[in-house]
Amino acid sequence: MWQGLVACLASVLTAAAALAADQPGDIKGKTLEPTPENLAATWAGASLVLPAAMAGGHRWQGLASAAPEVAGKAPLVVLLHGSSGVAPAIKDFQIWLADALGLASVAPDSLAIPDRLTYTSPVSVDIYERVHTLRLAELEYALNASKSWAWVDPARIVIAGTSEGSVAVSRYAGPVSTARLIYSWSCEANYFVDRPRPGFGPEEPVFNAISARDPYFSPSNPWNKDYAVTGNCGGALKGNPHAAVLVVDANVHTILNRPDVHEATSRFLTSVLKP
């Protein structure tokens, strides 16, 4: 009898999961307006990590608003998190940048906005596009706010993002960008955008890393069935002599801290951040 009940329960759970997959995702919160107050909140909650060489011999971590005095000039990586916020993977990546490459980085916190809308995919494309508009404004705000740090070398600013954050990094079309790191985003038309709208130039240094079977942006996701997706930024970067694409043989979404991704990122940044 118990085996029959277990089998029945498993069948019910499987059916419920299949039904849920066809349902719109969950939405919490309402705010996505890039007002001055909201953008200031993302910067107030930004995670700043300075390498030991810039912070008196010991790596420094804290809020951007509490940044210590730094002498000289140094590169800066402005990092946009994914839909999970400044999660452990983001801070781990910042620590790796500091310890392995000697790079300072700052990650604005979009979820610091009061009542910030969050979602579980899939939701409507108009909601995604409102999110992307906010994230792009956050990037522009962070680039402007970082000018208050006299140590930032304006000729060596890297903009980076993962997943949701990478859409804004890809679309940014402003003048302040030495190079871009685009993780877990494919720079192409799919369920997540109305259209890709890449903002990088034909010879701008861009590094893209994504899983071959990314659960969101690869052809394996049924949400992309109406799109001719390849699952990486290769098409958008075709002909760019300063671009590099790493397709990881994996089916996971967040790949920032894989050793192979670190190695490829290191090679790319070393080539573009020469003094």
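Predicted model: local features only at pLDDT ≥ 70, side-chain atom pairs only at ≥ 80, totals over all residues.
How many of the eleven residues of β7 are buried? Nine of them are, so to speak for the strand as a whole, β7 is mostly covered. As a reminder for reading the view, strands of a sheet pair through backbone hydrogen bonds, either parallel or antiparallel.

**Figure 1. Strand β7 and its two neighbours.** On one side, β4 (residues 74–80) runs parallel to β7 (residues 152–162), and six bridges join the two. Look for V77, which stands opposite V158 in β7. Then find V78, whose bridge partner in β7 is I159. On the β8 side the strands also run parallel, this time with five bridges between β7 and β8. I159 turns up again here: its bridge partner in β8 is R180. In a regular strand the side chains alternate between the two faces of the sheet.

**Figure 2. The largest pocket.** The pocket is lined by 19 residues, and the closest to its centre are G82, S83, S84, S163 and H253. What classes of residue make up the lining of the largest pocket? There are nine nonpolar and ten polar residues, and no charged ones. For orientation, rolling a probe the size of a water molecule over the atoms shows where empty space is left.

**Figure 3. Two serines with positive phi.** S163, which is among the residues closest to the centre of the largest pocket, has a positive phi of about 55° although it is not a glycine. This serine lies in the loop between β7 and α5 (164–171). Is S163 buried or exposed? Its relative accessibility is 12%, and the cut-off for buried is under 20%, so S163 counts as buried. The other serine in this figure is S184, again not a glycine and again with a positive phi of about 55°. S184 is found in the loop between β8 and β9. With a relative accessible area of 0%, S184 is buried.

**Figure 4. The disulfide between C187 and C233.** A search of the whole structure turns up one disulfide. It joins C187 to C233, with an S to S distance of 2.0 Å. Why is this disulfide called right-handed? The torsion about the S-S bond of C187 and C233 is about 70°, and that is why. The bond links distant parts of the chain: C187 is in the loop between β8 (179–183) and β9 (206–211), while C233 is in the loop between β9 and β10 (243–248), 46 residues apart. Both C187 and C233 are buried.

**Figure 5. A cis peptide bond at P122.** Zoom in on S121 and P122, which are joined by a cis peptide bond with omega of about 5°. P122 has its place in the loop between β6 (118–119) and α4 (125–145).

Figure 6. P34 is in the loop between β1 (27–28) and α2 (36–44). With a relative accessible area of 39%, P34 is partly exposed. If you want a distance to show in this panel, the C-alpha atoms of P34 and N232 are separated by 29 Å, and these two residues are 198 residues apart along the chain. P259, by contrast, lies in a helix, α6 (residues 259–272). Its relative accessible area is 66%, so P259 is exposed. D249 is ten residues from P259 along the chain, and their C-alpha atoms are separated by 13 Å.

Note on methods. Residues numbered from 1 in each chain as written. Heavy atoms only, no water. 1 Å grid on protein atoms, 1.4 Å probe; cavity = no way out; pocket = protein on both sides within 12 Å on 5 of 7 lines; lining within 4 Å. Nonpolar A, V, L, I, M, F, W, Y, C, P; charged D, E, K, R; others polar. Disulfide = S-S within 2.5 Å. Helix = DSSP H or I, 4+ residues; strand = E, 2+ residues; numbered from the N terminus. Buried < 20%, exposed > 50% of the residue type's maximum accessible area, 1.4 Å probe, protein only. Pairing = 2+ DSSP bridges.
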